[in-house]
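Colleague: Could you walk me through this fold and tell me what each label rests on?
Modeller: Gladly; let us look at it together.

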Amino acid sequence: MRLFALACFSLCAACATTPAHGTWSDRTLAAGADGVLCDHRVPEGACVKHHPGLEGDFRRVGDWCGEHGVPESQCLECHPDLTFQPLPALPPTADVRWLAGTGDAIGPLEALVVKGKVTVIDFYADWCAPCRKVDAFMFELVSARPDVALRKANVGSWETALAREHLRDVPTLPSVVVFSAKGALVKRVNGLDLAALRAAIDEASR
Ligand SMILES: [Zn+2]
Ligand SMILES: [Zn+2]
């Protein structure tokens, strides 16, 4: 019992001295645009195990997991949710639009509501792994439902005009806002919760 407690304590002490985790850069995802993954399950073009020369680039922008010796944005041990699978292709009937530039202000959300459709406004970032799961979910949904409009806003970072405008009280990404076809705000879902998002869209569709 005593031994266990000691072991536990030393583990926690190790945690406390682990170098701080890095800030994700968009380099990894950008390299994954072609959908080619290596056997380390990351985009081949950005894999530091395949291309050790890239290490300096990632370290320079602070995108580095000191604990596992890979970029933070590629660390599947720290981020088991991480996936680089390419997003499904959208049919022409899908109503999807990217709003403004990365981090740019977009104005009041009510003005972005598409009349007669359920409107889903998705605040995301390239470095946000759970946001990719919202994409996979929403892309499939809008592919089947032309009555749902998806508007995507790339936050960039927590310091951008867009973040200051719409994410002041939002603790985490993704942050998805759902409006009914009549333009009423139905729900804001912060963090990855696909069940809540589905329920909000159902409610907005009634
Ligand atoms: Zn690799
Ligand atoms: Zn790690």
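Modeller: From the N terminus on, the elements run α-α-α-β-β-α-β-α-β-β-α, which gives six helices and five strands in the protein chain. Please keep in mind that this is a predicted model.

Colleague: What makes the five strands an open sheet, and in which order do they stand?
Modeller: The order is 1-3-2-4-5, with mixed pairing. Strand 1 (95–98) and strand 5 (185–190) are at the edges with a single partner strand each, so one side of each has no neighbour in the sheet. Neighbouring strands are turned by 15° against each other on average, direction ignored.

Colleague: How do you know that strand 4 and strand 5 pair?
Modeller: Two strands pair if there are at least two bridges between them. Five bridges join strand 4 (residues 175–179) to strand 5, so by that rule they count as paired. The two run antiparallel, and Val177 stands opposite Arg188 in strand 5.

Colleague: Which strands does helix 6 touch?
Modeller: Helix 6 (residues 194–205) packs on the sheet and touches strand 2, strand 3, strand 4 and strand 5. Its direction makes about 170° with that of strand 5. Helix 4 (residues 129–144) lies across strand 1, strand 2 (118–124), strand 3 (148–154) and strand 4, and runs at about 160° to strand 2.

Colleague: Why is Val120 said to be in contact with other residues, and which are they?
Modeller: The test is C-beta atoms within 7 Å. Leaving aside neighbours within four places in sequence, Met138, Val148, Leu150, Val176, Val178 and Ile201 are in contact with Val120, so each of these pairs meets that cut-off.

Colleague: What makes the set around it a nonpolar core?
Modeller: The members must be buried nonpolar residues joined through C-beta atoms within 7 Å. The largest such core has 34 residues, of which Val120, Val176, Val178 and Ile201 touch the most other members. Being members, these four therefore count as buried, with 20 or more other C-beta atoms within 10 Å of their own. Strand 2, helix 4, strand 3, helix 5 (161–166), strand 4, strand 5 and helix 6 each supply at least two residues. Helix 4 gives the most, with five residues.

Colleague: Which residues does the second core include?
Modeller: That separate core of eleven residues includes Val48, Phe58, Trp64 and Cys65.

Colleague: How many residues of the whole chain count as buried?
Modeller: The figure is 32% of the 206 residues.

Notes
Residues are numbered from 1 along each chain as its sequence is written. Chains are lettered from A and ligands numbered from 1 in the order in which they are written. This is a predicted model: local features need pLDDT of at least 70, side-chain atom pairs count only at pLDDT 80 or more; totals for chains, interfaces and linings use all residues. Helices (H or I, at least four residues) and strands (E, at least two) are DSSP runs, numbered from the N terminus. Axes are lines fitted to C-alpha atoms, for helices over the stretch in contact, and angles run from 0 to 180 degrees between N-to-C directions. Two residues are in contact if their C-beta atoms, placed from the backbone, lie within 7 Å. A residue is buried if 20 or more other C-beta atoms lie within 10 Å of its own, exposed if 12 or fewer, and partly exposed in between; C-beta atoms are placed from the backbone.
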